[in-house]
Each structure stands twice: as structure tokens, then as C-alpha cells.
Amino acid sequence: MFVLTWLTGLLRTRTLRLAGTVIGVTMTVALLGSLGAFFAASKAQMTRQAAAGIVVDWQVQVAPGADVGSVGRVIASAPGVLRSLPVSYASATGLSATAGGTTQTTGAGEVLGLPAGYSAAFPGEIRYLTGARTGVLLAQQTAANLHASPGTTIVIGRPGLPPVHVVVRGIVDLPAADSMFQAVGSPPGSSLQAPPDNVVLLPQALWQQSFGLLGAKPLAAVHSQYHVKLSSALAPDPATAYADVTGRAKNLEVKLAGAGLVGNNLAAQLDAARKDALYAQLLFLFLGIPGAVLAAALTAMIAASGGERRRREQALLRIRGATPRQIVRLAAAEALLVGILGAGLGLLGAALAGRLAFGVTRFGATTGQAIVWGLLAGLTGVVLAVVTELVPAARDARKISVRQAREVVGRGRSPLWARLYVDLWLLAAAGVVFWRSAQSGYQVVLAPEGVATISVSYSTFLAPLLLWIGAALLSWRLAHAALDRGREVLAKAFTPLAGGLAGVVTASMSRQRRLLSRGLLIMALTASFAVSTAIFNQTYAAQSRVDAQLTNGSDVTAATTAESGLPPRIFPAVKSIPGVQAVQPMMHRFAYVGNDLQDMFGINPRTIQSATAVSDAFFQGGNARSVLAALAARPDAVLVSDETVRDYQLAPGGLIRLRLQFAGDHAYHVVPFHYVGIVREFPTAPRDSFFVTNAAYIARMTGSPAYQVMLTKVSGSPPAIAAQVRHLLGPASGAVVQDIHSQLKITLSGLTTIDLSGLTRLELTFAFILAVAASSLILLLGLIERRRMFAITSALGAKTRQLGSFVWAEALFVTVGGVVLGIASGWGLSYVIVKILTGVFDPPPPHLFIPWVYLASLAAVTAGAIVWAGVGAVRSARKPAMDIIRDL
Amino acid sequence: MTDVLVRARGLTKAFGQVAAIADATFTVIEGDQIALVGPSGSGKSSLLHIIAGIDQPTDGIIEWPALGPADTLRPAQVAVAFQAPSLLPPLTVAENIALPVRLAGGGDKAAAAATGPLIERLGLSDIAAKLPEEISGGQAQRAGIARALVTAPRLILADEPTGQLDSATAADLMDFLFEHVDLTYAALIVATHDVGLAGRLPLRWQMLDHRLQTEAFTGVPAVTRTGAETAAQAGAEPTCSS
């Protein structure tokens with residue numbers, strides 16, 4: 001009953017302090033819960049994306065001599081198999097075609113026999129470019145090599161048999177050629193097999209006629225596969241889904257008893273996704289935990305701000321005969337009330353935030369995870385309340401005398417950590433860990449291909465963690481030192497604000513340096529969290545865009561495979577579309593270096609950057625400006641890949657002889673180039689080797705000025721402008737127009753597959769709330785706790801302005817000091833985090849991106865909150881608090 | 001002519017339905033030394049707060065003809081010495097004593113000149129650099145008196161100024177207080193339960209059932225005035241309300 005009376009009294013008379021602690025606990029629980037939701041949502045999204053990126057989930061290779069039909073039946077009956085179709089593979093000794101009076105011949109190639117309905121069963125495996133969609137189809141590059149087009153007759157060389165003649169009906173692209181022609185059954189980690197340069201697709205019946213006989217021959221160059229589509233019902237967690245899909249594949253192999261081997265494309269994709277899931281986990285550590293720690297610290301601060309009052313109340317209770325046990329019981333009841341209320345509200349908030357930010361209300365990828373996560377978040381709230389409310393109360397009740405309870409300032413020694421210089425040790429340790437991770441090339445996630453276990457170098461994350469804590473503690477030390485030894489300087493600084501009272505104000509602040517330093521520490525932590533989160537998110541978003549632009553080429557990109565290129569009229573036409581800022585044509589040709597055919601991009605190095613972002617990270621051994629200048633300086637200059645430099649032992653400025661197709665005779669002829677730099681990545685370029693050179697030189701040497709790619713920078717909506725470009729090109733052009741927004745949604749690599757936008761919204765909102773809460777609540781609660789002091793000062797005759805000088809000087813010191821130190825450590829943290837996560841950025845960011853608008857609005861809102869709290873405090877102090885005066 | 005420092009008519013102070021002061025009429029003139037006596041809870045402190053301009057009456061009129069408007073009374077003209085510890089915790093004893101001088105706009109020199117003699121006279125030199133939480137209740141009370149006198153106010157209001165002192169220290173403190181008011185011709189109102197202390201003051205007011213009696217109520221040969229007499233002596237009707 002007494003406990004109930006006590007709690008009712010608290011709710012009635014200590015509403016603000018109680019509400020403050022409940023808010024702190026709520027924030028902590030809500031943040032943890034929301035992160036659970038983020039975790040659940042991002043993992044499920046990664047699994048979905050991984051599965052969506054795969055057209056053929058399994059390629060089951062039928063063992064030589066095995067019965068194809070019975071293998072098909074076993075596959076069809078395997079659990080989760082939606083569709084399975086047989087595909088026949090045969091090796092051709094060569095291909096040739098005669099066009100324009102000349103005969104083109106290629107090396108060996110692959111001839112596939114596809115069953116009817118294949119492209120409907122596996123949409124995306126074949127992209128139709130020109131001509132018919134049935135009959136004999138020729139791969140785009142093969143068509144280029146043979147100068148073939150629909151209607152051309154080509155000759156397919158067969159091993160040990162006379163060649164066959166077929167008429168090409170259509171030209172296609174094979175986007176998944178890598179997996180389509182993989183060596184099924186090769187050991188994990190073995191070098192990838194490059195897809196064949198020459199591919200012909202035949203209807204199954206025609207293939208049987210042409211190559212069926214070969215199957216009977218010894219050392220036959222033919223084999224069969226079943227291409228399998230699995231049910232999309234996968235576990236939301238990529239690691240679980242990976243284990244499941246791998247297990248099912250192995251189970252099928254057991255059932256096939258040696259008659260077939262599974263090429264598990266889906267598992268390979270999920271393998272990459274589970275690595276990304278680990279990165280998501282790391283992001284959680286980086287972005288989430290500090291927020292929760294901060295909210296917890298804020299709760300502790302709010303609870304501690306009521307310490308003086310609590311000690312007085314305890315002293316009163318003890319004078320009235322209460323035992324320490326009874327006092328502790330009252331504190332326990334208060335802590336439980338705060339904990340339960342905060343946990344309940346926090347979980348509710350987390351569900352709401354999860355719904356708004358990620359579209360999920362659960363706190364885990366699975367029901368079990370959701371329950372555990374929700375319980376843990378709630379329990380953390382209760383524990384936090386107990387630690388911040390009950391523990392200090394119990395300690396005071398047992399150890400502090402009634403006289404000590406009167407002490408509100410105290411001349412106690414600095415805390416143990418300050419005397420031991422723990423802050424400096426932490427910063428030094430952060431430096432060492434960071435240096436070590438730099439030495440190892442920031443290898444954070446180690447996921448050997450095909451190996452079930454992946455590991456994370458969690459110790460790397462000690463660097464930002466130690467930096468954050470060390471910098472925060474250092475801010476306490478600096479504030480403490482400034483208030484202790486810098487009184488005269490501070491007094492001068494506050495003279496414009498406090499006039500003749502500056503010395504008194506500074507003296508008062510100096511004596512309360514422990515309290516004020518603690519407030520400044522929380523402000524610094526908050527500012528550091530907000531700044532580092534915002535900068536990281538901005539950098540992440542910018543890099544995602546660079547990544548998408550790298551893949552897409554520019555905001556809007558039109559590309560054709562036609563040798564004649566895009567119609568020249570399209571460039572000025574697109575330039576005149578409202579919202580288009582710049583248009584740059586780019587050649588996309590092919591060039592032989594030795595026997596290796598590589599993509600070649602012809603650009604104008606002086607103007608290319610007007611339409612697309614060319615990052616420093618695209619090049620090795622120089623920045624974008626210098627490398628492009630080197631390219632522009634010499635007409636026959638060429639940028640090559642690192643691998644080519646190594647393979648052909650090229651030296652800078654050295655001659656490199658490439659073979660390019662000439663317009664006149666469609667044959668490949670030697671063209672001399674001079675190697676001037678190494679290119680790693682380039683807009684629209686493939687991830688393997690390629691060349692970048694001057695378009696004018698290619699045009700002059702090959703006799704063809706045709707541009708196959710158009711890069712467009714827009715200020716308007718990319719999808720809308722892409723639609724206009726499509727309209728201008730017309731359906732007959734065969735060109736593909738892509739915009740960056742669509743690209744962002746489909747192909748992002750590495751960590752950027754995780755959609756951070758929800759987490760960003762959540763984090764930035766929390767940072768906002770925390771900053772406002774930290775600045776206003778700490779100030780307000782601190783001032784409320786000192787109502788007595790203000791009441792006395794007012795009774796002595798202080799004017800509003802004079803009372804205000806106490807309030808504003810403290811507010812300025814805590815917030816400006818905290819914010820300045822917080823910004824410094826926040827910037828340092830962002831730098832360390834981005835550096836450590838270098839591996840996930842592709843390409844790495846050239847510098848940190850500062851979200852000025854967000855930070856400015858954060859500063860404005862924080863300043864507003866401080867002014868609001870300060871004005872409220874001054875206003876309430878203007879009239880002496882008579883309830884306090886009457887007690888004097 | 002002697003200045004009228006405070007003039008009040010029909011002052012009432014109520015807290016909800018409970019009246020702390022009912023219909024009090026009085027005048028305080030320069031040099032008055034008044035003992036305000038009455039049982040606990042009779043409204044003595046409330047009356048001092050209203051006289052000091054810290055609190056407002058619920059009804060009635062109060063003015064400070066020789067001191068000016070209510071918002072200019074403190075810290076220079078009127079000072080209050082509280083009965084409970086009222087030193088500011090983060091300031092040393094010396095800084096606390098000097099605070100009213102600072103609030104009145106005084107600089108370092110003025111503060112030092114005003115506080116030095118008081119600190120010495122009241123035996124506070126040893127504790128001048130200490131924080132309030134480091135000194136005893138008696139020392140704090142003496143520091144509180146010193147703080148009330150530091151601006152040489154024309155009206156000093158002391159609420160149980162010797163409550164935490166032993167009799168010898170209390171007598172010494174009051175001697176000093178009387179010396180000070182005699183010297184500055186300041187008016188002094190002391191709220192006290194101490195009959196001995198009250199007996200040392202020439203005027204005596206009593207709060208009884210929340211009503212102020214300013215007539216002599218003991219055989220002490222003190223100069224007593226009724227509110228009506230003092231009002232008549234002062235000449236004019238009250239015109240200014242707080």
C-alpha cells in the first residue's frame with residue numbers, strides 16, 4: 001500500500017523526471033526493436049533478390065551414358081521443383097558465314113539444343129535482339145564475328161562429321177552465359193570457365209538431327225543438362241535458404257546415384273547473399289548499437305539528474321524511520337514502473353517504426369527470432385531502468401549518510417577512469433586496431449566461395465567503438481579541465497552574456513563541473529552519433545548511386561548491339577529534351593588482344609564527365625582527371641585492365657597491337673595503340689578486362705564513326721526521360737534504354753544490395769529525436785533540479801536577465817562544447833567506418849559525403865530545443881518559486 | 001522628516017481557502033526595529049515575503065514610498081535573511097555573501113570592499129573559501145545574515161535569524177545586527193519565537209490567528225504604534241499597490 005502511495009505521489013509530483021526516464025527507456029527499446037525489424041526485412045529482401053536474380057536455379061548435368069529420360073523423372077519428382085527441361089550441348093569445331101563477298105570463320109563454339117517452351121519457362125535466359133524468336137538463333141557476339149544477320153546461312157563444323165548448314169532466324173543475347181556454360185561439378189574455388197565466344201541455339205529437333213549421332217561416339221563432344229526452376233518459397237534468412245537449397249541439391253544427387261550432377265546457381269547466389277547478410281549484421285553493429293547505447297546513456301543521465309532530489313527524499317525517509325530495505329523497495333517499484341512502461345511503449349514504437357520504415361511489424365526474420373528479439377529488447381528496457389534507477393538508489397540508501405545526502409556539488413576526486421587516463425588509452429587502442437585493419441586491406445568479411453562457414457573480423461569494429469567511447473570520455477576530460485582551469489577564459493567569454501556576473505556564473509559552473517561535463521559528454525555522444533550516422537548514410541547513398549551509374553552508365557543510357565550504332569540524329573534530339581543536361585556518345589566495339597576478345601569503349605575523354613560520373617577509383621595509378629588527360633593527350637592512347645598489363649607485360653607508353661573490325665571489309669585488322677594507364681571500372685563496362693580509348697581514333701582507323709551507346713545526364717526524372725528517349729528511338733532500333741532508378745532497384749553489388757533507405761530514415765529520425773531530447777531534456781531537467789538555487793537567487797533580487805545568464809552560459813557551454821567535440825569525433829568515426837567498410841563499396845568513395853541539409857536542420861532543431869528549454873527555465877525562474885521560498 | 005519605508009492596508013494572503021494573513025494594516029518607517037512574533041504557521045514568514053516584495057498579497061495594498069516600485073527593492077534596498085540554509089551550493093561563502101553586490105551591478109572592488117569587513121566581523125574568514133555543504137548550520141546562518149547586510153539595505157527582514165545558533169553566538173550576532181541598523185538607520189523586522197530576542201527590539205508586532213496586531217501586547221516599554229496612527233503620521237493615503 002505504501003509503495004502504491006509512493007508511486008502515485010511520484011506520478012503526481014515528479015511527472016517530468018519520470019516521463020524523461022520512461023522516454024529514455026522507450027527510445028532504447030524502440031531502437032533495438034526497430035533494428036530487429038530492419039534485420040528481418042533486409043535479410044528477407046536479400047534472399048528474395050538473390051532468388052530473383054537467378055533464372056535457372058539448377059543445371060543438372062546428365063552423366064555420360066545415363067538415361068536422360070529417367071534422370072528427368074527423378075528431377076521432376078524432387079521436392080520444390082517447379083519446372084525442368086532438357087537442354088543439349090554440343091561443341092562445334094568452328095563456324096563460318098559468307099556475307100558481302102567475304103567469308104568469316106570463327107574458332108570453336110557451342111551449339112545448344114533447346115526444347116520448345118524454354119524461353120517461357122526461363123524468362124531472361126535469352127534476350128531477343130533482332131529477327132525471329134524461334135528457329136536458329138545466333139549469339140550477338142557470334143553474329144558480329146560472322147557478320148551474320150537474320151537470313152544468313154552459317155556453317156557449323158562438327159567433330160568427325162561433315163558440317164551442317166543452317167539459316168539464322170534471329171540474333172540474341174545470353175545474359176546468363178556464365179552460368180549457362182559453367183563446368184558443372186568443378187570443385188569450389190576453381191577458376192571460372194569463360195563462356196564461349198561463339199554460340200548457336202537450335203531447336204531441340206534440329207539439334208538432334210545435327211548432333212544426336214555424336215552421342216554414340218566415344219569421347220563425344222555432347223552432353224545433356226536439365227535446367228530446373230525451383231519454388232520461390234525460401235527461408236527468409238539467406239544463410240538458412242542457402243543451407244536448404246544446398247541440402248536439396250545434394251539429396252537429388254544421392255537420388256540420381258551418379259547419373260547426374262547439380263550445378264547449383266541458386267545456392268551460389270545465396271552464398272553471396274549470406275555474406276551480405278553478415279554485412280547487414282555489421283551495419284546493425286555500427287549504426288544501431290551506438291544509438292541504443294546513447295539512448296541508454298541519456299536515460300542514465302535523466303535518472304542521475306534527479307539524484308540530488310532522491311538523496312534528499314531518502315534522507316527524509318530515513319529521518320522518519322524508514323529502513324534502507326524499505327527505501328530500496330520503493331526505488332525498485334519506481335524502476336519497475338519505468339522499465340515496464342518504457343519497454344511496452346518502446347516495442348509499440350518499434351512495431352510502428354518498422355511498419356513505416358521497412359513495411360514489417362515483426363522483429364526478426366522468423367517467428368522464433370521475432371519473439372526472442374522482442375523479448376530481448378523489452379528486457380533490455382527493464383534492465384536499463386533497474387540499472388539507472390534502482391542501483392544508484394540502493395547504493396545511496398546503504399552507503400550515504402544523511403549529511404552526505406545534502407551534498408549537491410561535492411569536491412570529490414575525478415572518476416577512476418579519468419585518473420587512469422582510460423580515454424587516451426582507448427583512443428590509442430582504436431588507432432592501433434585501425435592501423436592493423438588498414439594493413440590487412442580492411443578485410444572484414446571472409447567468405448570463401450562454396451565454403452559453408454563465413455567469418456567476420458569483429459575485432460576490426462573495435463576501432464570505431466573504441467574511438468567513439470574514447471572521444472566521448474575525452475570530451476568529458478576537456479570540459480572538466482576547461483571548467484577547472486579555464487575559469488578566467490570562460491569568464492571573459494561569458495562577459496557579453498552575463499556582464500558583471502560573468503565571474504559568479506563561471507564560478508558556479510566550475511563547481512558544478514562534474515554535472516556539466518556529464519551533460520557535455522552526452523551532447524558530444526549524441527552529436528557524434530548523429531553526424532557519423534548521417535555522413536555514413538550519405539556516403540552510402542552516394543556510392544550506391546555511383547554503383548548504379550557504373551552499371552547503367554549514366555542517368556539514362558541507350559545502347560545498341562547493331563554495328564551501325566545508334567542513329568546519329570538521336571544525340572541532338574535527346575539533348576533538346578527538357579531536363580536533359582548533357583549527352584555523350586560512346587562507342588562499344590570489340591578488340592582482340594592476342595586471342596582474347598575484349599570490349600572496347602571509345603570516348604571523348606575531354607567531355608565524357610559531363611554526362612557520367614568518372615570516379616578516381618575507376619583508375620589505378622592516378623586520379624580520373626590525370627588519366628583522362630593522358631588519354632586525351634595522345635590520339636592512339638588506350639587504357640587497359642590490370643590483368644592485361646600483367647598478361648602482356650605492358651609498360652606505360654608501350655605499344656600494344658589490337659585487332660579491330662574495319663567497316664570496309666568487316667574483317668579484323670591490326671591497329672596500333674599506346675598504353676597510358678590502367679582502368680579498373682568504367683560506365684557500362686563489364687567486370688572483367690576491357691579497353692578505353694579515344695572514339696575519334698577508332699572512327700579514323702576502322703572507318704566507322706558509329707556510336708553504340710548514349711550516356712545522358714538529366715536533371716529531371718530519369719524514368720520519364722528514358723521513356724522519351726525510347727519514343728525517339730522507336731521500337732525498330734533494337735536499342736535498349738535503361739534509367740538509373742530502375743537500375744538501382746535491380747542490380748547493385750555487395751553491401752549496396754541492402755536497402756538502407758529504411759534504416760537511414762529510422763536512424764536519422766532517432767538521431768534527431770535523441771539530439772533534441774539530449775539537448776532540451778538535460779538542460780531542462782538540470783535546471784529544474786536547481787529550482788531552489790534559482791528561487792534563492794531571485795529572492796535575493798536577481799533580474800530576469802541575470803537569471804538568464806546562469807541558464808544560457810550553462811546551455812552554451814554544454815551544447816556548443818558538446819556539439820563541436822561531437823562533430824569532430826563524428827567525422828572521425830565516419831572516416832573510420834567508411835574505411836573499414838571499403839570492401840563493400842564498389843568503387844570505394846573518393847571522400848566522405850556530408851549531408852549539409854540534414855545537419856543544418858538538425859542543428860536548427862537542436863538550437864530551437866535548447867532555446868525553448870532555456871526560455872522555459874528562465875521564465876519559470878523569473879518569479880521566485882514560492883513553494884521553495886516558503887521552506888527557507 | 002522620517003521616511004515611510006513600507007505602508008500597507010488590508011493585506012490578505014490566502015492559499016486556496018486557507019488565509020495566512022488577514023486584513024493586515026501597518027507602516028514601517030526608517031529606523032524602526034520590530035519584533036514579529038507569533039506561533040508557527042501564523043503567517044509571519046508570509047508577511048515578511050510580501051514586505052520584501054518577493055510575494056504578492058491576495059488582496060489589499062502595499063507600497064514602499066521611500067524605496068520605490070516593488071521590482072527595484074532587492075537587492076539594494078530590501079534584504080532578507082532566511083531561517084533555513086539558503087546559500088547557493090556552487091558558490092563559496094565569500095561569493096555567496098558578495099552575490100547581492102554583484103546582482104546590484106557592483107564589480108570586484110565593490111564586492112571585496114563590502115564583504116571584507118562583514119566576513120571579518122562575523123568570524124567567517126576561515127570558511128570564506130568553503131562551499132555551503134562544507135560548513136555548519138550556524139556558520140551558514142551567519143553567512144546568510146552577512147549576505148543580507150552586504151548592500152547596506154534600508155529595510156532588513158530577518159526570519160528566525162538565530163534559530164540555528166547557540167545563545168552566545170546568537171547574542172553576538174544580534175548585537176552586530178543592532179549596531180549595523182543603528183549605524184545605517186535601516187529598519188529591521190525580525191520574525192522570532194525567541195522572547196529574549198524579541199524583547200531587545202523596541203517595537204513588537206504579533207500574528208495571532210493570522211491577524212497582525214501592531215499594538216503593544218506586553219508590558220515591555222516599547223514604542224508601539226497602531227497601523228492607523230502610523231498611517232496618519234505618514235500623512236497620505238496609500239496609493240500604490242504591489
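**Strands, helices and a contact**

Author: Let's start in chain B. Strand E1 (residues 4–15) and E4(B) run antiparallel and are joined by 4 bridges. One caution: this is a predicted model.

Reader: Okay. Which residue in E4(B) stands opposite Ala8(B)?
Author: Ile62(B) does.

Reader: In what order do the strands of that sheet come?
Author: The order is E2-E1-E4, with 3 strands in an open sheet of chain B. The pairing is antiparallel.

Reader: And which strands stand at the edges?
Author: Strand E2 (18–29) and strand E4 (59–63) of chain B. Each has a single partner strand, so one side of each has no neighbour in the sheet.

Reader: How much are neighbouring strands turned against each other?
Author: By 15° on average, direction ignored.

Reader: New topic: helices. How do you describe two that pack?
Author: By the angle between their axes and the distance between the axes.

Reader: What about H16(A) with H19(A)?
Author: Helix H16 (residues 462–485) and helix H19 (residues 513–552), both of chain A, pack at about 145° with their axes 8 Å apart. The crossing is right-handed. Trp468(A), Trp476(A) and His480(A) are among the H16(A) residues in the contact. H19(A) residues there include Arg513(A), Leu520(A) and Ser528(A).

Reader: And the classes?
Author: The contact of H16(A) with H19(A) has 11 nonpolar, 4 polar and 2 charged residues.

Reader: Last one. How many residues does each chain give to the contact of chain A and chain B?
Author: Chain B gives 24 residues and chain A gives 25.

Reader: Which element gives the most on the side of chain B?
Author: H2(B), with 5 residues. Helix H1 (44–52) and helix H2 (93–103) of chain B are the elements that give two or more.

Reader: How do the residues on that side divide?
Author: The side of chain B that touches chain A has 13 nonpolar, 6 polar and 5 charged residues.

Conventions. Residues numbered from 1 in each chain as written. Chains lettered and ligands numbered in written order. Predicted model: local features only at pLDDT ≥ 70, side-chain atom pairs only at ≥ 80, totals over all residues. Axes fitted to C-alpha atoms, helices over the stretch in contact; angles between N-to-C directions. Left-handed = near helix turned anticlockwise from the far one by under 90°. Contact = placed C-beta atoms within 7 Å. Nonpolar A, V, L, I, M, F, W, Y, C, P; charged D, E, K, R; others polar. Pairing = 2+ DSSP bridges.
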